[in-house]
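Please look over the two chains below before reading on. My notes follow as numbered points.

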Amino acid sequence: MDAESLLLALELASGSGQGLSPDRRASLLTSLMLVKRDYRFDRVLFWGRILGLVADYYIAQGVSEDQLAPRKTLYSLNCMEWSLLPPATKEMETQTSVVKGRFMGDPSHEYEHTELQKVNEGEKVFEEEVVVQIKEETRLVSVIDQIDKAVAVIPRGALFKTPFGPINVNRTFEGLSLSEAKKLSSYFHFREPVELKNKTLLEKAELDPSLDFMDSLEHDIPKGSWSVQMERGNALVVLRSLLWPGLTFYHAPRTKNYGYIYVGTGEKNLDLPFML
Amino acid sequence: MDNKYKVITAKVSDRAEYEHLANLLTKILNQRPEDPLFLLESLNRTTQWEWFHPKLDTLRDDPEMQPTYEMAERQKALFGRSGSGEGEQEMEEETAETAVPNIMEKAFYFEQAGVGLSSDESFRVFMALKQLVEQQPIHTCRFWGKILGLSRSYLVAEVEFREGEEEAEGEEVEEMTEGGEGMEAHGEEEGDEDEDQATDVIPKPTWKPPPVIPKEDSRTGTNRYLYFVCNEPGRPWMRLPHVTPIQIVQARKIRKFFTGYLDAPVIIISYPPFPGNEANYLRAQIARISAATHISPLGFYQFGEEEGDEEEEGGAGRDSYEENPDFEGIPVLELVDSMANWVHHTQHILPQVTDGRKEERLRVGEQSEDVNADFHESGACRPSSEPWFKLMANVEGESQRHPCQGPSGLMPLRTGEIMHMAPWTARLSCTLSPQYSVAVVRSNLWPGAYAYASGKKFENIYIGWGHKYSPENFNPSLPAPIQHEYPSGPDTIEMSDPTVEEEQALKAAQEQALAAAEEEEEDEEEDEDEDQDD
């Protein structure tokens, strides 16, 4: 959610039950403004909160001029001092996929994982148990990246693409209509498109290239991994992800207000197929 | 102007741009401003805006917004007062004690912890609870929390009816099911008789369904409180049925999202099949969450004093707890430091469901206090002697006292690790101002369960999906082993059915025999006729 409309955004996203306490809100408002100045971001988004056993991580993301360029992620433990996280790599993802359980809340905490590795010693090849240390910071980076790639949502029409390349915020976006707001096809993943090129030419002919340049949520696997609800007496549409429980996307139809926030334990819900 | 228009249409190929330009030029042609080139830029912006923002019709209501308006009307009714024009008398009545709790105060404290619905939503919940209290004979009422669902969510209220006002709905349903069982038994007997008369006696199955363990009485154990749910403030409140032991056992084995419709035939696809629909599953999860996560500061509740031995059966002392008027509050820092200052004030649910009596003695429909519906959640300490709560190995009549009982008899929270983590996380709501902050406790086993305590006040709430946390993947139960086939004995031998060729051969042989018999008859008749003729 945009740091500029933080208070309204938190109010609208509160249907999921988790929000921020007043002191955190106050500290966020001031500190995010400073972050925007220091890092020269175009927009700063408050991404959410990952609940750890000992402490919680507050995550913010900075967006540059091109909205779809990789965003910079910062974390803080007290909403005042922010530290930049390294960008996520494939190796990090494979490394941290073995770690299970809750986050600790301490960025320097190390998870231990024993692995069997083949060790070559001259001509002999034998397997040795190696204890691999994985830092919590790495895990944090890769989890945030996975969540972003999987479930960060933006409504159709909020961004538009210019023929020169960069993606801009659409200042004339006035919100989706009610009938559109209930359909999953009016929401896109806020990331580089992956499935778009697989569409048939017939489907592509109906798309508007300036608006439909991202994957829509309609074809997400498993089907039904999004819960679409109307709250506040039909005045707010809330999308909740079931794959990463804790991600809430809200949008007030016919207004400019939209945003998403993640407040959760940072664990994927692998039991989803059983639960639907 | 027209020439320029033609030039532009010739060059433009993109559909959206073309339409935009067409709109823009139509606007210019309609309005005929004096200096169009100067105004082109702003007209461009206006046309763009209109593209995204269709005009509203002033005469008719927008049909799309119909459900929104309906909901708003319904919520407006919530805010209306019942019976107008009584003025002062009404105010006096309302300021007297009502069963409706002070939701706004609790919402404020939870907000300090970063939990809860927004303040206007909390106020709507408050009005909805007020409506519930007016409609039903309620003694105490509490906002239990919110359970999220796929299409709709549930707001749950925990109520206790006034003495003697227990509605007969639940009982009627029970009677019907008992009557139904009687009917079925009768039907079976009749069927058996018919079968006896048939030539082939179908062997009677030796399988008897396991005896139905009756649920706990209202106001005791897991059925102590009654739960009402509604989807949104303004919608009618619906009552949830009482929970039965078998439902809790099954609810532990499955993991399903709630859809938001109470009569959904949930869990058709689940194995083992859940005995009930979504309302029952919801109630079972509410029971589990309440048993596992309702905690209070030590000393807030005390047991009512009862004379007589606690080991006596039939003693209801342990069942009821009441507020301790001498409770002075525990300092917030102490509450956060150690979890020993918190206790569970609800009974726990045992993992096994038994009835300690021998099967012969158990009759359907009997509900005495000796019947054991034992409950206990695996993560908690074992409760002490209770006519209701006996350990599985116990013979009835024996009672045990567990050493780790708190002084008031309430169970302290379990320390140590479950699933490699502490089951509770306690924190101050605001580290910057510790003198005014609130102690907040968060459950790690049931994500979404929170409790706060400050001074003499405390409260529990649950907002979440309604599932227990497990770091391991969910393993559904495997189907039951294949049952044995009926053994071949002297009475029943398994034979293979005759093949088509054999049947045809048999048929041909029969036809031949028939034809031969007919010929013989004809011959005889002819002979007879001949004889007669003669």
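**Notes on chain B and its interface with chain A**

1. In chain B, take contacts (heavy atoms within 4.5 Å) between residues at least 6 apart in sequence: 64% of them join residues at least 24 apart.

2. This is a predicted model; local features need pLDDT of at least 70, side-chain atom pairs count only at pLDDT 80 or more, and totals for chains, interfaces and linings use all residues. Residues are numbered from 1 along each chain as its sequence is written, chains are lettered from A and ligands numbered from 1 in written order, and side-chain values use heavy atoms, leaving out hydrogens and water.

3. Chain B has twelve helices and 13 strands. These are DSSP runs: helices are H or I of at least four residues, strands E of at least two, numbered from the N terminus. Of its 534 residues, 40% count as buried, meaning under 20% relative accessible area (1.4 Å probe, protein chains only).

4. Now the interface. Here 53 residues of chain B touch 52 of chain A. Together the chains bury about 4,400 Å², with 47% of it on carbon and sulfur atoms. Buried area is the accessible area (1.4 Å probe) that two parts lose on being put together, summed over both.

5. The rule finds five salt bridges across this interface. A salt bridge needs a side-chain nitrogen of Lys or Arg within 4 Å of a carboxyl oxygen of Asp or Glu. A:Asp271 pairs this way with B:Arg255; their closest N and O atoms are 3.2 Å apart.

6. Which elements of chain B give two or more residues to the side that touches chain A? They are α3 (36–52), α4 (66–79), α6 (103–113), α7 (119–135) and β10 (424–428).

Terms used:
Buried means under 20% relative accessible area, exposed over 50%, partly exposed in between (1.4 Å probe, protein chains only).
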